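Here are some notes for a first look at this model. Please read them with the structure open.

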Amino acid sequence: MPSPAQDHLPVPGTPGLSVVLRPSVRARRMTLRVGRSDGVVALTLPKGVAIDEARAFIAAQAGWIARQVAAVPAMRPVRVGGTVPLMGVERPVIAGPGRAARYVGDAIAVPDDERAGARVKVLLREMARTHLVEAVDRHAAALGRVPGRITLRDTRSRWGSCTSRGDLMFSWRLIMAPSEVLDYVAAHEVAHLVHMDHSPRFWAQVEGLMPDWQPRRAWLRTRGTELHAVDFA
């Protein structure tokens, strides 16, 4: 197992790029993962695997690692004078009065200070809740179902989920995607109120709610990382 001084290993041929070592007593083989939003490269290291084996594995995968990291979108800080995606359209962020961010016309107005990004984030979360609640209620009514509690989070591994009690969770970042993509995720999770799986019956239910769901799902798979690259800090 790695020592505290060996919790990172360099990627040969790529200066400045390293791999985080994550020891695991459950893993049976070494597995590489590149964070879709931050580009962090991690290697799951099973118990008993020597550091030299990890180095050799990383060296053998160096080309793949470099390509995956290069494909991660650069982080986009939200600030006055820039833009932020909202409902699939780049909206200018402009200086505005007051303490909160506001959606005015086709722009987002926010006080020009160090908290501008955080204020825009609050606005987008509020808009996400409004749009998602409307979409969930509409799709649930079509199925004759009553959804449970709706919560919003900043999840990285999934855009939505549904519990066995009917509670729904969504990533608030969906408000930055095209409206039809947000609507697809709402329909997807509402369909779980009928089928708690991804069986053919489930996908038939999704299709009944949204016949053209496939390109909307494809957008998330190809462009979703861009939403995680927007930095509101």
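1. In which strand is the place of Arg33? Arg33 lies in strand S3, residues 31-34. Strands (E, at least two residues) and helices (H or I, at least four) are DSSP runs numbered from the N terminus.

2. This is a predicted model, in which local features need pLDDT of at least 70, side-chain atom pairs count only at pLDDT 80 or more, and totals for chains, interfaces and linings use all residues. Residues are numbered from 1 along each chain as its sequence is written, and side-chain values use heavy atoms, with hydrogens and water left out.

3. Apart from neighbours within four places in sequence, Arg33 is in contact (heavy atoms within 4.5 Å) with Val40, Val41 and Ala42.

4. The open sheet has 4 strands in the order S1-S2-S4-S3, with mixed pairing; two strands pair if DSSP finds at least two bridges between them. Strands S1 (8-10) and S3 are at the edges with a single partner strand each, so one side of each has no neighbour in the sheet.

5. Strand S2 (residues 18-24) runs parallel to strand S4 (residues 41-46), joined to it by 6 bridges. Arg22 is opposite Thr44 in S4.

6. Helix H1 (residues 51-60) packs on the sheet and touches S1, S2, S3 and S4. The direction of H1 makes about 45° with that of S1; axes are lines fitted to C-alpha atoms, for helices over the stretch in contact, and angles run from 0 to 180 degrees between N-to-C directions. Helix H2 (residues 62-70) also packs on the sheet, touching S2, S3 and S4, at about 25° to the direction of S3.
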